[in-house]
Amino acid sequence: MSAHTLLQTPVGELVAQDFRRAHVFSRFNIDFCCGGGRILLEACERAGADATKVLEALNSQTTEGQPDNALAQLPLAELIDYIEQKHHNYVRNTAPLLLEYAEKMLRAHGEHYEVIKPLTGWIRALVDDLMPHLMKEEQILFPAVKALAAGESVNGCFGHIGNPIRAMEYEHDEAGTILAKLRQLTDNYRAPEYACTTWRICYQTLAEFEADLHRHIHLENNLLFPKTLELSMS
Ligand SMILES: [Fe+2]
Ligand SMILES: [Fe+2]
């Protein structure tokens, strides 16, 4: 879609075409829910957002991931960089939006629909688990794997590298359990007929977040960790 067409299309319609655009709008404080009838140009003006920056953000959204066989060929340090850039960044960018959508739903509908309170609680629990998990990988495990791959000695307070790997696998299982609860609670992320736009976006974002996290965990559990353990034995 050209920049001109994007600017002349109502924001609600842009979100209906691709819900991920809601993430960009949220970051720029553009109201896509009640103000969804406004064209993007007008919505940017109302939000005091720079339309050029909004367009840039919209255009940079569609970056596809690498297939497994390409990633399996990468040296471990590059695989780690890929996981951090693609998946850790995704979690850091998306988790605050998920919380924002959930809080909005809680304020608007928490009293009337019983699914909202537990839903918000589980979203918070997931985010609270994931943030320190990313830090532990980035600050403890991944540097140790990089050192091992470079043939350097691994000086960790954790003993054998299998120990932090097991700890991370355990945390992956916990995140998986919360995702399963969210799926059950939301009827497989199907928003009810009466749901408002934020509610729908929240479910769609959850579905996207789940897909990204499953892929992220798959790359760590089934590619990065086994290769690291193999290397530690040699
Ligand atoms: Fe990770
Ligand atoms: Fe992980």
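Modeller: Two residues are in contact if their C-beta atoms, placed from the backbone, lie within 7 Å, and helices (H or I, at least four residues) and strands (E, at least two) are DSSP runs, numbered from the N terminus. This is a predicted model, in which local features need pLDDT of at least 70 and side-chain atom pairs count only at pLDDT 80 or more, while totals for chains, interfaces and linings use all residues. Residues are numbered from 1 along each chain as its sequence is written, with chains lettered from A and ligands numbered from 1 in the order in which they are written.

The unreviewed UniProt entry annotates residues 86-227 as "domain: Hemerythrin-like"; over residues 86-227 the chain is 80% helix and 0% strand, with the end C-alpha atoms 20 Å apart.

The part to look at is the pair H8 and H9. Two packed helices are described by the angle between their axes and the distance between the axes. Here the axes are lines fitted to C-alpha atoms over the stretch in contact, and angles run from 0 to 180 degrees between N-to-C directions. Helix H9 (residues 162-185) packs with H8 at an angle of about 160 degrees, the axes being 10 Å apart. That makes H8 roughly antiparallel to H9, since angles over 145 degrees count as roughly antiparallel.

Turning to the residues that meet, H8 contributes, among them, Pro 118, Trp 122, His 133 and Leu 141, while H9 contributes residues including Pro 164, Met 168, Lys 181 and Leu 185. The residues of this contact divide into 15 nonpolar, 1 polar and 5 charged, where Ala, Val, Leu, Ile, Met, Phe, Trp, Tyr, Cys and Pro count as nonpolar, Asp, Glu, Lys and Arg as charged, and the others, Gly among them, as polar.

Pro 118 counts as exposed because it has 12 C-beta neighbours inside 10 Å; a residue is exposed if 12 or fewer other C-beta atoms, placed from the backbone, lie within 10 Å of its own, buried if 20 or more do, and partly exposed in between. Pro 118 and Lys 181 are 63 residues apart along the chain, and their C-alpha atoms are separated by 9.9 Å. For the chain, buried residues make up 25% of the 234 residues.

Note on methods:
UniProt positions are given in the numbering used here, feature names are shortened, and annotations may be inferred rather than shown by experiment. Angles under 35 degrees count as roughly parallel, over 145 as roughly antiparallel, 65 to 115 as roughly perpendicular and the rest as oblique.
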